[in-house]
Amino acid sequence: MTERLVLVTGACGEIGQALVQGLAKQGGYRIITADLSPLPDSIKAIALEHAQGDLVYKIKTFYDYDFDIIFHLAASLSSKAEVSSEDAHRINVEGTMQLLMLAAYRSEKYHKSVKFMFPSSIAAYGMPDLNVKKSAGCVKEDEYNLPHTMYGCNKLYCEKLGIYYSKYYGQKHLDEQPPYMLDFRAIRFPGLISAFTLPSGGTSDYGPEMLHAAAQGKPYACFVREDTKISFMAMPDAIKSLLMLLDVPREKLNHQVYNAAAFALTAGEFRRRALKAFPGAQITFEPNLRRQGIVDSWPEDVDDSLARADWGWQPDYDADAFFDDYFLPEIRKRYGK
Ligand code: AKB
């Protein structure tokens, strides 16, 4: 079988490293990576080539490659994006736009549908206030699409751009639409937690930061209130969902943007579980109003029934399995506790 040529942007980030390892484990791919940073040792040996630098200015580098698949992970996350919003817009929107244009061009010119995999986010939602957030429960893809953050606006808009380039670009009538338009697929991820890497620049970061600090015996001041609730997912489930969605035949997909859920916990529940695993852990709550406001605007949980129906999505890790079967065993090995 011929190997598929894959581009992974943002390869040095948390999803990037885990995804590159996941693709290598699955086999059948030649992997090109891109990121602002040099590749970490964890994936250095896997990438055929690495393009280091700002994607917006590096896009020409990719014109000569015949990519079958693009995983566009590079992004400025929600907290960082609020500090430098115009910069975030350039990274999040212009970078995506350039790659979509490249993928659309190649799909049309070479008569093959380049698959464009896009990690979107629960930041695409905007709950008007805490009462609505509480009463809304699990939100569906088309509800509350009124993000409060630059990052959320960027993600939502890039979903729309992806749909535009894959369905309407060239404004061909549906009957005359060629089958080789680019194939855009997106998953709205909750906060992701890895036992191997730490996030930076996001607002769901308090979850992983608290757990990594507890495992290392370091004090941690959580920047959101104890009752703050959003959904989270184990990194292996995030990679599983991306690889599952990648391989679903296009005709089985009734949508292009899917929620994927795993478990929803309050920050207080994270603390309780961290204390149970690491009894001496020192975890306090010192809410930062700006970051609190961001998390308050995200739903408590998401409804992923479309993903379950269309491509059989099901997470391997609920809250108990996440702690008992993934995070705690791995983190104990890592920090020797
Ligand atoms: C962030 O906190 O910005 C991200 C996200 C939820 O998309 N982890």
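1. His111 is exposed in this predicted model, with a relative accessible area of 52%. Most residues other than glycine have a negative phi.

2. Tyr144 also has a positive phi, about 50 degrees, and is likewise not a glycine. This residue is located in the loop between β6 (138-139) and α7 (150-168). Is Tyr144 exposed, partly exposed or buried? Tyr144 counts as partly exposed, with a relative accessibility of 30%.

3. Attention now turns to the ligand. The residues surrounding the ligand are Leu77, Ser78, Ser121, Ile122, Tyr151, Gly202, Thr203, Ser204 and Trp298. Of the residues in this shell, four are nonpolar, five are polar and none is charged.

4. For Tyr151, an N or O atom in the side chain is 2.7 Å from an oxygen atom of the ligand. For Thr203, the atom concerned is a backbone N or O, 2.6 Å from a ligand oxygen. On its own, the ligand has 250 Å² of accessible area, and the protein covers 91% of it.

5. In soluble globular proteins, nonpolar side chains tend to be buried together. Here, the largest nonpolar core has 83 residues, and those with the most contacts inside it are Val8, Phe71, Tyr206 and Phe322. Helix α13 (residues 319-335) supplies the largest share of this core, namely nine residues. Apart from this core lies another, of 27 residues, including Leu55, Phe67, Val93 and Val114.

6. Val8 illustrates these contacts. Leaving aside residues up to four places away in sequence, Val8 touches Leu19, Val20, Leu23, Ile31, Ile32, Thr33, Ala34, Phe71 and Leu73.

7. At the start of α11, a side-chain oxygen of Asn288 comes to within 3.0 Å of the backbone nitrogen of Arg290.

Note on methods:
Residues numbered from 1 in each chain as written. Predicted model: local features only at pLDDT ≥ 70, side-chain atom pairs only at ≥ 80, totals over all residues. Heavy atoms only, no water. Polar contact = N/O pair within 3.5 Å; in protein donor to acceptor, adjacent residues only side chain to side chain. Helix = DSSP H or I, 4+ residues; strand = E, 2+ residues; numbered from the N terminus. Near = heavy atom within 4 Å. Areas by Shrake-Rupley, 256 points an atom, 1.4 Å probe, with all protein chains shown as cover. Nonpolar A, V, L, I, M, F, W, Y, C, P; charged D, E, K, R; others polar. Core = buried A, V, L, I, M, F, W, Y, C linked by side-chain atoms within 4.5 Å. Buried < 20%, exposed > 50% of the residue type's maximum accessible area, 1.4 Å probe, protein only. Contact = heavy atoms within 4.5 Å.
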